[in-house]
Amino acid sequence: MDYQPTLFESNVPQPLAERLRPRNLDEFCGQQHLVGEGKILRRIIESDSVGSMIFWGPPGVGKTTLARIIAHMTKAKFIDFSAVTSGIKEIKGVMESAEQSRRYGQKTILFVDEIHRFNKAQQDAFLPYVEKGSIILIGATTENPSFEVNGALLSRCKVFVLHPLSTEDIVKLLKRALTDGRGFGGQNIEVDDDLLEAIANFANGDARSALSTLEMAVLNGESGEGDKVTITKEIIEQCTSRKSLLYDKKGEEHYNLISALHKSMRNSDPDAAVYWLARMLEAGEDPIYVARRVTRFASEDIGLADPRALSVAIDAFEACRLIGMPECTVHLTQAVVYMSLAPKSNALYMAYERAKKDALTMLDEPVPLVIRNAPTKLMKELDYGKGYQYAHDTAEKLTNMQCLPDSLDGRRYYLPDGKGEERELKERLEKILDWKSRHRPEN
């Protein structure tokens, strides 16, 4: 028997995010790489050729919404199933019902939210029914399905990756909430665009979080003449408990703060670096942006003085990408402190800048014949590769072969300063250069 809400439940208003849930693909916000005009997932849904699939992405980006849109647009029977509250007994009951429907020519789409919460035995219970077509499985997960979904089941599903919504996407959604009749349409609500952007920054790609914040702000807004409700900066700060929400991610303060972080790490000051990191993240800065800058720092300001710095930065970047805010704050803190305490060298940065200057002013310098590739007979006849020396054939693993153009012969770009592990590289390079000097062809 279908569940019927009680009289009291019927009178409880739904949250804004639920009331405003998109009913079709045209109302759906974000994920244009999947549901934009002509994109693969849109074509699959509109042609009613849905197969088993997994939606992978962070919270609040539309995984459940997409499943419900499919439910509205498909001719299949749709069953919503939660991995949190269901066990093998419930799975088998649903599977048997789906098998009966299949015999009568009725497709069944089974949507499993948080499919990563199912253990191996529970996931295995789906497999035979997916294989023989009793059900079309649509799973949603915030975890990497490569690790959380059984290989046999995963191989029968197409994985679609959903991305965090952009600030622009969320601002657009908030504006719709203020005009749509299912939201606050028809109500006289006054809110500046910069406050909507502040809410979007705070949400960090999560539409549900943004709509919940807006709803709280409207409910706590200042009442004016008639039915007018005004949302102020102070109300937004109270709703989010964040004082620096109006941080402009495109303005001067944005660049001032990332500069402060970079220079604090360069100055080996972990306390200042962590403070500036917190200032940015608590103001709504995208952690991926910070992680990119830390990754750049690892090579620009540390480089081969501590080669592990780049690995630490990449690991932090991946952690930010996979789990997002607020959990990834500790990963970025680990990376920032590591960068601050690592030995510093800008030798790689300077090497590229020197080489870039020559490359831009000497674009026509030919590659020396000795190191050109010679895949054809004609090229060999033109002396491509003639005289090439294979370093592995020598005892020292070195040759006196010239690899720079004649006009740049002897030019130095990489000049290690001998800090940290770069000390050994500097000594090694000096020995190599000395050997090559003593074994120049003219000697």
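**Backbone and salt bridges in a predicted model**

Reader: Is Asp-48 buried or exposed?
Author: This is a predicted model, and the label comes from the relative accessible area computed on it. A residue counts as buried when that area is under 20%. Because the relative accessibility of Asp-48 is 16%, Asp-48 counts as buried.

Reader: What is the phi of Asp-48, and where does Asp-48 lie?
Author: Most residues other than glycine have a negative phi. Asp-48 is not a glycine, and yet its phi is positive, at about 55 degrees. As for its place in the chain, Asp-48 belongs to the loop between helix H4 (40-46) and strand S1 (53-56).

Reader: Which loop holds Asp-383, and what is the phi of Asp-383?
Author: Asp-383 sits in the loop that runs between helix H20 (377-381) and helix H21 (422-438). With a relative accessible area of 32%, Asp-383 is partly exposed. Although Asp-383 is a residue other than glycine, its phi is positive, near 70 degrees.

Reader: How many salt bridges does the count come to?
Author: A pair is counted when a side-chain nitrogen of Lys or Arg is within 4 Å of a carboxyl oxygen of Asp or Glu. One of these pairs is Glu-18 with Arg-21, where the N to O distance is 3.0 Å, and another is Glu-114 with Arg-117, at 2.7 Å. By this rule the count comes to 28 salt bridges.

Reader: How many residues apart in sequence are the parts that Glu-421 and Arg-308 tie together?
Author: The side chains of Glu-421 and Arg-308 form a salt bridge of 3.1 Å, N to O. Glu-421 lies in the loop between H20 and H21 while Arg-308 is in helix H17, so the pair ties together parts that are 113 residues apart in sequence.

Reader: Which residues are linked in a network of salt bridges?
Author: A salt bridge needs a Lys or Arg on one side and an Asp or Glu on the other. The network draws on two arginines, a glutamate and an aspartate, and its linked residues are Arg-23, Glu-27, Asp-180 and Arg-182.

Technical notes
Residues numbered from 1 in each chain as written. Predicted model: local features only at pLDDT ≥ 70, side-chain atom pairs only at ≥ 80, totals over all residues. Heavy atoms only, no water. Helix = DSSP H or I, 4+ residues; strand = E, 2+ residues; numbered from the N terminus. Buried < 20%, exposed > 50% of the residue type's maximum accessible area, 1.4 Å probe, protein only.
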